[in-house]
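User: I would like to learn how to read a protein structure. Can we go through it feature by feature?

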Amino acid sequence: MKQLILPLLVFSSVAASAQKMRKSELESGLLEKGQKVGVWEYYAYTRDGSQVVTQKYDHTAKKLVFNRPFDDVPYSVQNAAGEWTRQRVTHPVFFIGGDAALATYMTKLNYPVAAQTKNVQGRVLVSFVVDTLGQASNHQVLLGIGSGCDEEALRVARSIPAQWIPARIGSHAVVSKYEMPFTFRLRPQ
């Protein structure tokens, strides 16, 4: 019996060292060979400063396990005939890691010199399609402010990796549109 226990202890310690727990302000879960495995929790902060779980995503099964409730409003969804309709969904498009993870890409927004010179400020709204595999395409500006801001918002939106969780109606993934706002605001001097 002792001969069996010793190899099991050695094997379990090697297996445990192959996986490493990672915890930050925005996420926690296991890494194996530098890749996220198992269920990861993603966090955000409420207005009162409390940390809350916004998502749980199983990176091994590639499946959303939990998400915080969202507004029950109709979303743009493509039906089987390829037509766009507004429908209520079981869950809309999500970015793996939630808004906090998405915000890291928003910080890559560069304020165009032409917009700064002309004192152009405002919000650019970019829309894109997320397919049933979580791939984004067909990026376009829905609401622009010009002076290079529209192009910069498109550049950043296109640079976001394909880590989208497609919208679902029931148990089926559906093609849906996602709208992302980009705010351009000059700092007072």
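Analyst: Let us start with salt bridges. A salt bridge is a side-chain nitrogen of Lys or Arg within 4 Å of a carboxyl oxygen of Asp or Glu. Keep in mind that this is a predicted model.

User: How many salt bridges does the structure hold?

Analyst: The general idea is that side chains of opposite charge can pair when their charged atoms come close. Here the structure holds four salt bridges. Take Lys56 and Glu41: their closest N and O atoms are 3.6 Å apart. This pair links distant parts of the chain, with Lys56 in strand β4 and Glu41 in strand β3, 15 residues apart.

User: Which residue forms a salt bridge with Lys36?

Analyst: Glu27 does, and the closest N and O atoms of the pair are 2.9 Å apart. Check the accessibility of each partner. Lys36 is partly exposed at 27%. Glu27 is buried, with a relative accessible area of 11%.

User: What about a salt bridge inside a helix?

Analyst: Look at Glu152 and Arg155, whose closest N and O atoms are 2.6 Å apart. They are three residues apart in helix α4, so about one helical turn separates them. Glu152 has a relative accessible area of 10% and is buried. Arg155 has 39% and is partly exposed.

User: Which residues do salt bridges with shared partners join into one network?

Analyst: Arg22, Glu27 and Lys36.

User: Next, sheets. How do I read one?

Analyst: Strands of a sheet pair through backbone hydrogen bonds, either parallel or antiparallel. Find the order of the strands, then their directions. This model has an open sheet of five strands, in the order β1-β2-β3-β4-β5, with antiparallel pairing.

User: Which strands stand at the edges?

Analyst: β1 (19-23) and β5 (63-67) do. Each has a single partner strand, so one side of each is left without a neighbour in the sheet. Neighbouring strands of this sheet are turned by 20° against each other on average, direction ignored.

User: How many bridges join β3 to β4?

Analyst: Seven bridges join β3 (residues 35-45) to β4 (residues 51-58), and the two strands run antiparallel. Trp40 stands opposite Tyr57 in β4.

User: What does a hairpin look like here?

Analyst: Go to β6 (residues 75-78) and β7 (residues 84-87). They run antiparallel, and four bridges join them. Val77 has Thr85 in β7 as its bridge partner. Five residues lie between the strands of this hairpin, in which Gly82 takes a positive phi near 85°.

User: Which residues touch the most other members of the largest nonpolar core?

Analyst: Val126, Trp164, Tyr178, Met180, Phe182 and Phe184 do, in a core of 28 residues. α2 (98-106), β9 (122-130), α4 (149-159) and β14 (176-184) each supply at least two residues of this core. α4 gives the most, with five residues. Another core, of eight residues, lies apart from the largest one, and among its members are Trp40, Tyr42, Tyr57 and Phe94.

User: What does Phe182 touch?

Analyst: Not counting residues up to four places away in sequence, the contacts of Phe182 include Met106, Leu109, Val126, Ala153 and Val156.

User: Which residues of α4 are buried?

Analyst: Cys149, Asp150, Glu152, Ala153, Leu154, Val156 and Ala157 are buried in α4. The buried residues of this helix pack against α2, α3 (113-117), β9, β10 (136-143) and β14.

Technical notes
Residues numbered from 1 in each chain as written. Predicted model: local features only at pLDDT ≥ 70, side-chain atom pairs only at ≥ 80, totals over all residues. Heavy atoms only, no water. Pairing = 2+ DSSP bridges. Axes fitted to C-alpha atoms, helices over the stretch in contact; angles between N-to-C directions. Core = buried A, V, L, I, M, F, W, Y, C linked by side-chain atoms within 4.5 Å. Buried < 20%, exposed > 50% of the residue type's maximum accessible area, 1.4 Å probe, protein only. Contact = heavy atoms within 4.5 Å.
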